[in-house]
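These are my notebook entries on what I looked up in the structure. I set down each entry in the order in which I took it up.

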Amino acid sequence: MAGQGLERREVLRILAIAAGASGYPGFHRWAFACAHGESAPLQVRPARYAPRFFSAEEYATVERLAELILPSDGSPGAREAGVSEFIDFMVASDPGVQYRFRYGLTWLDAHAERDQGKTFRELAREQQSELLGHLAYRDRHRAGEEEGREFFRLVREYTLMGFYTSRIGLEQLDYPGLRIYGESPGCPHPGDPEHRNLKASKG
Amino acid sequence: MAKTYDVIVVGTGAGGGMAIKTLCEAGLTVCALNSGRRLDPAKDFRNHRQPYDMTYRGFGDPRKRDRYYHIENEYSDGVWEHGITYTTAPGTSWEWPRCHAVGGKTNFWGRSAARMGEIDFKAASLDGGYDSDWPVAYAEIAPFYSRVERQIGVASTVQNRPSNPDGEYLPPMKLRCLDHILKGGCDKLGVPYLPDRLAQLTVAHEGHPPCHYCGNCTEGCDTGSFFSTPWFLLPAAEKTGRLELRTNAVARSVLVDERGRTRGVAYVDRETKQETEVQARAVVIAASCVESARILLNSRTREWPNGLANSSGQVGRNLCDHLYGTTGYGYLPQLLGQPSFPDNVSASQVVWMPRWQNLPGGPREKFVRGYSIYPTGGCGEYPWYEKEIEGLGSQLKRDLKRYYPSPVSFYCQIPSLPRSTNYVEIDPEVKDVYGIPVVRVHFQWGPNELLMWEHAKQATAQVIKASGGDVWGAGKEPNTPGWSLHETGTLRMGDDPKRFVTNRFGQTHDVPNLFACDASVFLGCSDKTTTLSILAFSLRTSEYLVEQLRTGAL
């Protein structure tokens, strides 16, 4: 509900003034006295990212997979949100998942070579998309690709994790927690409690 | 000679906090022992950080993830205990995260604050004699509930259901779109769907600013807009000048004199590992019920070979907990494709479905007593429903956005029945890092609670369907025992010293100047949360203790 919520920064400012005025003898320091959030590191994207876990070839494949799962198609996708960097960082931090990623990437290349004589990375984008489509949609599943489907689930999960925890991703969902509210925000359709006649949203 | 305080209070959670405030304001000197440090809301609470402000986006460092992953993450890193605090008997799974910071779990609690009613205090009589009634009637505790509600601020409505007595309430949270739809379904089925009793300030209250609906409650509130001990109780106690709060003081045992009365508490300093004794005329233990039992069981002397105040053999017995679990989840097609709604504002429940089974005069179920359900849903912090949406590419992006306002999920709050097989004892072999023997937990869900779990899953599916929604699934198993952090029992109250550890005022039958002010005195856990009742019973016990000291009865 754009417009319903106040700008977060503005609310924090108002609350900080209220806090100072009340002189409330609770915790010794009001949280708003410090710049929480604002001093946190920005998502800096270096021109050329040096992966921590993946080899350069593996990383290129991960980057492509993330872009195929959440493409930049008029609205921002995995690329704009730096999802492949997030995946590399998380996998580098998690020995428990490293083998599954490495095995899955190997499976993709071996599978592409067997069928098309090229590694996954060397395929045309449409061919890559076609291959993933068989892993992604139940009615297109093929026998003998169970391991591939398992890897696709894994890489999709990490892609969504990276995207929908980025500011870009949360803005795309219009996550209401990006705003703060002056009063308890309720349902905006008082005339239609059953919500049978809502207008379809554009986009 | 060392100072002798009027009272030592062990623990600063809901029960300890209320005792500390009440005793200090009555003019008594209090030494409060807390096993952890003070929190600084500016540093230790989430403070409106978004996932992208954190290194691991709130998922936490995978190398540090332990069994408490469900409760500890990057937002509350370093607040929960990681050392060994208990062991389990063969066949027992018990998941029991400990928060040792000042204020304990009140810093992060779920804020649901319903009163228990006569249906809970007289549960044994009403359901045909299983176990025992409480020694306290609703009419006796009701004034204490009112005083607590006025202090902490609870938002709700008058609902006129005797099984959920009404209290004194601030304006309720407003119903969201998904609430209106689910309420329609519940109305068809005759299932109540009502504003929860929520200890979250919808208006400014007693000097505390109102909620700003950021949705970060379970990581600590930096404006103190919901009840916690550090925000609501300790400042008043500290203002009296009669409170000495010792942090990082891990209570080892309660000390007794030659007359069989307590004279103080021995504790170990968390950092130096040095043991210290502190003296007082009376001791209140409120360390949360398993810890409280542990302290008494570890207070062995020649006179008390089985633990202090344990002539009944009931210390540590009758441990209960709420069975939690996802009873169902799905989505409401009415909301597909709608713009996002501010649904995440209270972080969890705005509403609840209070117990509607086995009410007096109503139909009887296959189980005794009853349970509640909390519905949640809508536009949340993370699109967890992605597992239900297949595919990739632009279609996936559109689908995830389209479904964003529509998911709903339900979790149950099912009381376990007191049973002789659910208890804690001291593990003869294992000590914690402070050299204090830990408890060994014996606990399993019983048939009554598992019947309720099945009932709740069926009821949830019916509610989703009656609301026009589609069911995606339900939890296969209930959560591990201990998960809800609503344990009760171990020092239960009753008039018979042979069967109960404490009397109706929370005073131990065996040691007259030793009191318990946490959920350890509860007979059972009912379908309501524990915190409000802990506060009310602690207030009552503390005032009784003040009176006993004043009249010289102690």
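**Entry 1: Helix α1 of chain B**

I found that eleven of the twelve residues of α1(B) are buried, so α1(B) is largely enclosed by the rest of the structure. A residue counts as buried if 20 or more other C-beta atoms lie within 10 Å of its own, as exposed if 12 or fewer do, and as partly exposed in between, with C-beta atoms placed from the backbone. Among the buried residues of α1(B) I noted B:Ala14, B:Met18, B:Ile20, B:Lys21 and B:Cys24.

I recorded that this is a predicted model, in which local features need pLDDT of at least 70, side-chain atom pairs count only at pLDDT 80 or more, and totals for chains, interfaces and linings use all residues. Residues are numbered from 1 along each chain as its sequence is written, and chains are lettered from A and ligands numbered from 1 in the order in which they are written.

I then checked the length of α1(B), residues 14-25: at 1.5 Å a residue it should span 16 Å, and its end C-alpha atoms are 17 Å apart, which agrees. The expected span is 1.5 Å times one less than the number of residues. Helices (H or I, at least four residues) and strands (E, at least two) are DSSP runs, numbered from the N terminus.

**Entry 2: After the helix**

I saw that B:Gly27 follows α1(B) and has a positive phi, near 95 degrees. B:Leu28 is in the loop between α1 and β2 (30-33) of chain B. Is B:Leu28 buried or exposed? I found it buried, because 23 other C-beta atoms lie within 10 Å.

Leaving out residues up to four places away in sequence, I listed the residues that B:Leu28 touches, including B:Asp6, B:Leu23, B:Arg242 and B:Leu549. Two residues are in contact if their C-beta atoms, placed from the backbone, lie within 7 Å. I also noted that B:Leu28 and B:Arg550 are 522 residues apart in sequence, while their C-alpha atoms are 9.9 Å apart in space.

**Entry 3: Chain A and its helices**

I counted seven helices and zero strands in chain A. Chain A has 203 residues, of which 34% count as buried.

I looked at α2 (residues 56-69) and α3 (residues 83-92) of chain A, whose axes come within 9 Å and cross at roughly 125 degrees. Axes are lines fitted to C-alpha atoms, for helices over the stretch in contact, and angles run from 0 to 180 degrees between N-to-C directions. α2(A) and α3(A) are therefore oblique to each other; angles under 35 degrees count as roughly parallel, over 145 as roughly antiparallel, 65 to 115 as roughly perpendicular and the rest as oblique. Among the residues making this contact are A:Tyr59 and A:Val62 of α2(A) and A:Ile87 and A:Asp88 of α3(A).

I turned next to α4 (residues 95-116) and α6 (residues 146-163) of chain A, which pack at an angle of about 125 degrees with their axes 9 Å apart. α4(A) and α6(A) are therefore oblique to each other. The residues that meet include A:Trp107 and A:Leu108 in α4(A) and A:Phe151 and A:Leu154 in α6(A).

**Entry 4: Where the chains touch**

I noted that the contact takes 63 residues from chain B and 60 residues from chain A. On the side of chain B that touches chain A, α10(B) supplies the largest share, five residues.
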